[in-house]
Amino acid sequence: MIEAVRRIGDYIQDNKGGEDSLYKIIEDPDSNGKYKQVLVVALKEKEGNYSFSHVETQEFKEYTKYLYKGKQGNALDATPTSRITEVNKTFKKFLRWFDNYDNYPLSGEERESIRRMGEAIKAEHDKIQADLQDKFSRRKTGESSIITLGFDDGVNIKYLSDISIFRNVLLNKGSKGFSNKYGVESIGQDKMCSVCREVKAEVYGFAVPWSFHNYDKPGNISGGFEISESWKNTPICLNCATCLEAGKIYIEDKLDFSFYGFHYLLIPKLAIGGDIQEILIILGARDQKKEQKLNQEVEKRLTADEYDILDIVAKQNDFVSTSLMFYKKDKSSYSILLLIEGILPSRLSRLFSIKDSVDKRFKLYNDIALSESQKEKNHLVFNFGVVRRFFPSESAKGAFAKRSKNKTSDKMFMEMVNKIFGGNSIDYYLLIGFINERIREAFDGGYPTNVDTLFGFLLLHYLNDLGILKNVTSEMDNMTTPSEGDLSIEHLEGLPLEQKIKSFFESNEAFFGSDAKKAAFLEGILAQKLLNIQFTEKRATPFRDKLHGLRMNEPLIKRLLPEIQNKLEEYKKNYYRELEGIIARYFILSGESWKENNDDLSFYFVLGMNSHKLFKDAREEEVIEEVA
Ligand SMILES: [Zn+2]
């Protein structure tokens, strides 16, 4: 991870000079077009010692040369470049900048350099001041001047932007930021840098990009180290620290994506022997998407971020591995929730291709099991939002989040994400519990259950096809059989009921490994048919109350069949004797003391309720309305 950031930093520094962020900070002292005269106080440098050379009048050049960043009133400007108000006053301020050396975020050596520059100017104070005064008075009428520091190398004048000390002061990222935190200094002397593996005069303890370690919680230091000894955990030299910083700034700028209430940083790393071109494609992918409006259709994405580039990473070869760092940002500090390292493009590609096949399979439900207004809001396709639906944010104000037994669902969500990317198994029963919780919430509130039920079923399919759903069925050999078969409305239509049912169970084989589940599912269909008839007749669905808030168990399911039959007979609308016969048959096959737990039975029952349209009977066509 650190190595990956360093390589990106290296690349940025070699190719862009790391100036991107600098240019955002520099201000134009001539922003009003009047500061045309530049008075350069030039020093000479010889073996680390400075002496005054001369004062030079110049025309205002490219503003970035002067590294100007102004402060209000009497406060020091960020660098020794200032707009002149009165020469004596401004020169005083200019000199004070050098006296302030101890407060710059620089190494001891660099701070000493600044102190010496100041001494060299003070040694010729009166002469310089008179010279400035003289040159200032000769500016053109109506023009203003700036004062800046320069370096005379005998041929040319170098400007502040040419000298790294001043760039670092402006970026506020000299060594001090790497060595000091919480008022504690953490510096090792003559020790090996953990990044470049060279022995360096100074190594620092706080140079790791983002805090992976627990430094951010004082008193919670890993390994029981004193905080001032933290450099021992990950000692990093100034050179490497600066490079990491450049990489970090770049990643935060270009490779930051939103993720269901969180964010993640995508950090690609090229294996030795890989083609740098692949990394460049990834580094530029988001900008390119923005420019060319290449964002894919919503349904094709794995996340809700319209500029998410996982699809592009997935197309690279396995020489590139990617780390995803999920975080939450509070004010300016990052709290890292999850770091997934070493995801290969082939893994991402699999996440997409399984999505593709599951989405195709669910097109049928999308077409016929959702109402028009539901279709507008929901596409029955997989993305991480489907996971989030069942593990919603704690901070979400919804009643569900409040009432859910699961009070750590942010954490659970992150765990699920980790397992999906990493290919680690997820327990079927755990998941079915959460899916049911969401469905019952809708049912208890009198809302349609179809959207949650079908998304739950889709998630089960997705995880099962990925091969990471554990304990999905009692028959071990069936455990990870991907579901197969073409289940389309054209295919089902015209088939006799028995065939439809057989075809459905075959194409969802992984989830219908037992006769009890099949019975629960088919009874769900029958129950919904009754509710539809009740609604048509009475504009109400009193039978809903008999479903016990979708908390099913074996005796209840067995008892419901005759109750439903009686009601249908009462209405003289029992078109479903064939279906009832099939259910009764599965009751016999399933025997007594089912091993399915109640959550399991409840889920397949409500799945049946919401799949009833797949099993329409010609005779019921006429006048029966549907109720959700
Ligand atoms: Zn180093």
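The axes of helix 22 (residues 554-570) and helix 23 (residues 577-590) come within 11 Å and cross at roughly 160°, which makes helix 22 roughly antiparallel to helix 23 (angles under 35 degrees count as roughly parallel, over 145 as roughly antiparallel, 65 to 115 as roughly perpendicular and the rest as oblique). Axes are lines fitted to C-alpha atoms, for helices over the stretch in contact, and angles run from 0 to 180 degrees between N-to-C directions.

Residues are numbered from 1 along each chain as its sequence is written. In this predicted model, local features need pLDDT of at least 70 and side-chain atom pairs count only at pLDDT 80 or more, whereas totals for chains, interfaces and linings use all residues.

Helix 11 (residues 345-361) and helix 18 (residues 450-466) pack at an angle of about 140° with their axes 10 Å apart, so helix 11 is oblique to helix 18. Their crossing is right-handed, and the contact of helix 11 with helix 18 contains five nonpolar, two polar and three charged residues.

Strand 8 (residues 187-192) and strand 9 (residues 199-204) pair in the antiparallel sense over five bridges, pairing being assigned if DSSP finds at least two bridges between two strands. These two strands form a hairpin with six residues between them, and Arg-197 in the turn has a positive phi of about 65°. Gln-189 has Glu-202 in strand 9 as its bridge partner. Strand 9 is joined to strand 10 by two bridges, again antiparallel, and Val-203 is bridged to Cys-237 in strand 10. The resulting open sheet of three strands has the order 8-9-10; strand 8 and strand 10 (236-237) stand at the edges, each with a single partner strand, so one side of each is left without a neighbour in the sheet.

The protein has 24 helices and 16 strands, taken as DSSP runs (H or I, at least four residues, for helices; E, at least two, for strands) numbered from the N terminus.

Notes
Left-handed = near helix turned anticlockwise from the far one by under 90°. Nonpolar A, V, L, I, M, F, W, Y, C, P; charged D, E, K, R; others polar.
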